[in-house]
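Dear colleague,

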Amino acid sequence: MLEISDLSVAYGGLHALNGVSLTVNKGQFVTVVGPNGAGKSTLFKTISGIVPSLGGTIRFEGADLLTLPADRRAHLGIAHVPEGRQVFRTLTVRENLEMGAYTASGTQWRHTLERIHTLFPILAERAGQLAGTLSGGEQQMLAIGRGLASAPRLLMLDEPSMGLAPAVTDTIFERISQVHREDGLTILLVEQRVAEALELSDHGYVLETGRIVLDGPYQTLLADDRVRRSYLGIGDG
């Protein structure tokens, strides 16, 4: 579904991504992990068309994304839930969801809204409430709901656990996993909670200083000494 080959991105002459290649197959749950500043968010912004590339290719279901503006990429079925939630604070919960549904048909939107409310009942309860008055966890649920509102073919989630209490994060991860299991939605996740993120995924990539340094299925990555030492705090002794 998504094929990235030798992708490079630079800011002010400094490489944020350097020769990154990864693949996400239809129906897969793929996770990208790595430290702060590794280039994870830059990767997502480049896929979405927010940040230009310096070189390489990005293809989505055969389409060359680097030749398309950001809005056309959304119409192809790519939904990007950004880091930090970024809900429209002065709009209601329902209006935020409607903003996400601009690429969906009326019939599709009604079905999708019902699904969003099933996943996150609080969004139905707070439909008329301003998004800026929600708690951090509720705003994250709204951000994910807004991403789902377009009935995407690929859902990209950037650090959904950021700034949330562990119990709330567990709920968020369970709902993400539920969408993948029950709806077969293809998911690309960027996350710093490495163990939990990799456990959800079919395949994971480790991104450090703009380069993919390791990839493989969940069990392979969790068994790797480098991952265990650097990200799980295991094996130092």
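Arg226 has a relative accessibility of 36% and is therefore partly exposed, a class that lies between buried (under 20% relative accessible area) and exposed (over 50%), computed with a 1.4 Å probe on protein chains only. Its salt-bridge partner is Glu208, with the closest N and O atoms 2.6 Å apart, where a salt bridge is a side-chain nitrogen of Lys or Arg within 4 Å of a carboxyl oxygen of Asp or Glu. Because Glu208 lies in strand β9 (residues 203-208) and Arg226 in helix α10 (residues 225-231), the pair ties together parts that are 18 residues apart in sequence; helices (H or I, at least four residues) and strands (E, at least two) are DSSP runs, numbered from the N terminus. Glu208 is buried, at 16% relative accessible area.

This is a predicted model, in which local features need pLDDT of at least 70 and side-chain atom pairs count only at pLDDT 80 or more, while totals for chains, interfaces and linings use all residues. Residues are numbered from 1 along each chain as its sequence is written, and side-chain values use heavy atoms, with hydrogens and water left out.

By the rule above, the count comes to 10 salt bridges. Another of them joins Asp183 to Arg115, with 3.0 Å between the closest N and O atoms; since Asp183 lies in helix α7 (residues 166-183) and Arg115 in helix α4 (residues 106-119), this pair ties together parts 68 residues apart in sequence. Arg115 and Asp183 are also linked with Glu182 in a network of salt bridges.

Best regards
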